[in-house]
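Biologist: Thanks for sitting down with me. Could you walk me through this one, term by term?

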Amino acid sequence: MSVPFLDLKAINLAHAAELEAAFKRVLNSGWYVLGSETAAFEKNFAAYCDSKHGIGVANGLDAIFLILKGYGIGPGDEVIVPSNTFIATWLAVSHCGARPVPVEPVEATYNLDPALVEAAITPRTRAILAVHLYGQPADMTPLREIAARHNLKLIEDAAQAHGARVNGSVVGQLGDAAAFSFYPGKNLGALGDGGAVTTNDDALAERIRTFRNYGSKVKYYNEVPGYNSRLDELQAALLDVKLPHLNDGNVQRRAIAAYYQEHLAGLPGLTLPVVPEWAEPVWHLYVVRHAQRDRLAQLLAERKIGTIVHYPVAPHLQPAYAELGFSEGDFPLAEAIHREVLSLPVSPVMTLDDAAEVVAAVRAALAEIGTAV
Ligand SMILES: *Cc1c(COP(=O)(O)O)cnc(C)c1O
């Protein structure tokens with residue numbers, strides 16, 4: 001038996017008939033960009049996120065970028081970002097000409113440490129970009145206080161966290177605006193690329209709607225030099241089929257994660273995720289830490305258990321960010337995390353039997369590592 005890291009085909013085939021019906025409806029509509037399907041999904045997704053506005057865009061990176069553009073953030077500005085995150089968080093800041101200012105995480109939760117944020121604020125800081133990494137919400141309550149005190153925008157990168165909650169409040173409306181990705185592997189995934197912004201800020205919503213469509217509200221009349229970043233009708237229709245199943249998928253992810261938490265507890269050298277009492281994660285990823293991460297991954301692969309490293313290189317050490325002049329040792333916590341993390345399989349189509357197999361393989365692998373010298 002084997003457990004793949006993620007079986008996207010099974011996830012989508014579970015809704016095959018409804019997805020095919022949606023495809024036929026769009027095919028026969030003769031209207032493929034910015035129409036009733038996108039409008040319907042935007043409304044439903046905004047409601048899911050307890051938000052006033054949902055704006056479909058081309059992908060998650062664009063969603064973050066367009067929020068920053070919408071707030072007029074650009075050259076000369078600084079945006080606080082986590083030192084450990086997927087590169088897209090930083091790219092969105094760079095692409096609008098601003099500078100990403102990294103802040104280290106809380107080691108146990110992998111998310112931005114509010115206690116370190118204030119020291120990174122300068123007169124140039126315009127926003128805090130908090131990431132709900134691995135589907136675990138960032139500590140938004142103190143971040144909101146800090147943002148208010150310094151008159152900064154608080155933006156959520158919720159690309160991995162559709163449906164996660166802080167003290168019972170869903171992500172997507174815990175700051176000024178939130179960015180979501182519908183990349184196929186995300187908790188709510190399209191059959192291609194997609195993204196969305198949610199916000200309660202009327203003016204921001206209006207600006208992003210204009211920016212995503214060439215800077216135009218009325219066709220061929222351009223108010224600002226905008227972009228082409230739209231969620232197309234087909235992806236919107238497919239996402240609207242999957243949205244009502246998102247909570248069930250998250251419940252199954254939670255069951256798998258709970259099984260791991262119980263059955264992997266106390267194993268030598270293995271660090272498990274820690275969930276604060278105010279947090280309700282949606283387990284986009286189940287990430288463990290081990291000093292011999294690569295060896296553990298190899299031993300699991302030999303036992304046909306799929307794993308992936310999220311992520312192998314910290315953003316500040318990527319060649320793409322050589323110009324910022326960071327070097328090894330500048331963000332030691334992020335670097336250690338990137339050296340040691342390993343994601344185990346978790347998905348809505350996994351069973352507890354699959355999870356038991358993963359646990360048995362991890363136990364065997366750790367026993368082998370433990371006896372080797
Ligand atoms: C996936 C992801 C993004 C980017 O989303 P895309 O749709 O792939 O552009 C941004 N931030 C985080 C944390 C992500 O996981």
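Modeller: Gladly, and let's start with a definition: buried means under 20% relative accessible area, exposed over 50%, and partly exposed in between, with a 1.4 Å probe and protein chains only. This is a predicted model, where local features need pLDDT of at least 70, side-chain atom pairs count only at pLDDT 80 or more, and totals for chains, interfaces and linings use all residues. Residues are numbered from 1 along each chain as its sequence is written, and side-chain values use heavy atoms, with hydrogens and water left out.

Biologist: Why is Lys 52 called exposed?

Modeller: Its relative accessible area is 53%, and the cut-off is over 50%, so Lys 52 counts as exposed.

Biologist: What makes Lys 52 and Asp 202 a salt bridge?

Modeller: A salt bridge is a side-chain nitrogen of Lys or Arg within 4 Å of a carboxyl oxygen of Asp or Glu. The closest N and O atoms of Lys 52 and Asp 202 are 2.8 Å apart, so the pair qualifies. Lys 52 lies in the loop between helix H3 (36-48) and strand E1 (53-57), and Asp 202 in helix H8 (residues 202-211), so the bridge ties together parts that are 150 residues apart in sequence. Helices (H or I, at least four residues) and strands (E, at least two) are DSSP runs, numbered from the N terminus. Asp 202 itself is partly exposed, at 41%.

Biologist: How do you know that Asp 77 and Arg 126 form a salt bridge?

Modeller: Their N to O distance is 3.1 Å, and the limit is 4 Å, so they pass. Asp 77 sits in the loop between helix H4 (60-70) and strand E2 (78-82) and Arg 126 in strand E4 (residues 125-131), so parts 49 residues apart in sequence are tied together.

Biologist: Is Asp 77 buried or exposed?

Modeller: Asp 77 has a relative accessible area of 15%, so with the cut-off at under 20% it is buried. Arg 126, at 30%, counts as partly exposed.

Biologist: What makes Lys 217 and Glu 206 a salt bridge?

Modeller: The closest N and O atoms are 3.4 Å apart, which is within 4 Å, so this pair counts too. Lys 217 is in strand E10 (residues 216-218) and Glu 206 in helix H8, so the linked parts are eleven residues apart in sequence. Lys 217, at 45%, and Glu 206, at 39%, are partly exposed.

Biologist: How many salt bridges does the rule give?

Modeller: The count comes to 14. Glu 42, Arg 209 and Arg 212 are linked in a network of them.
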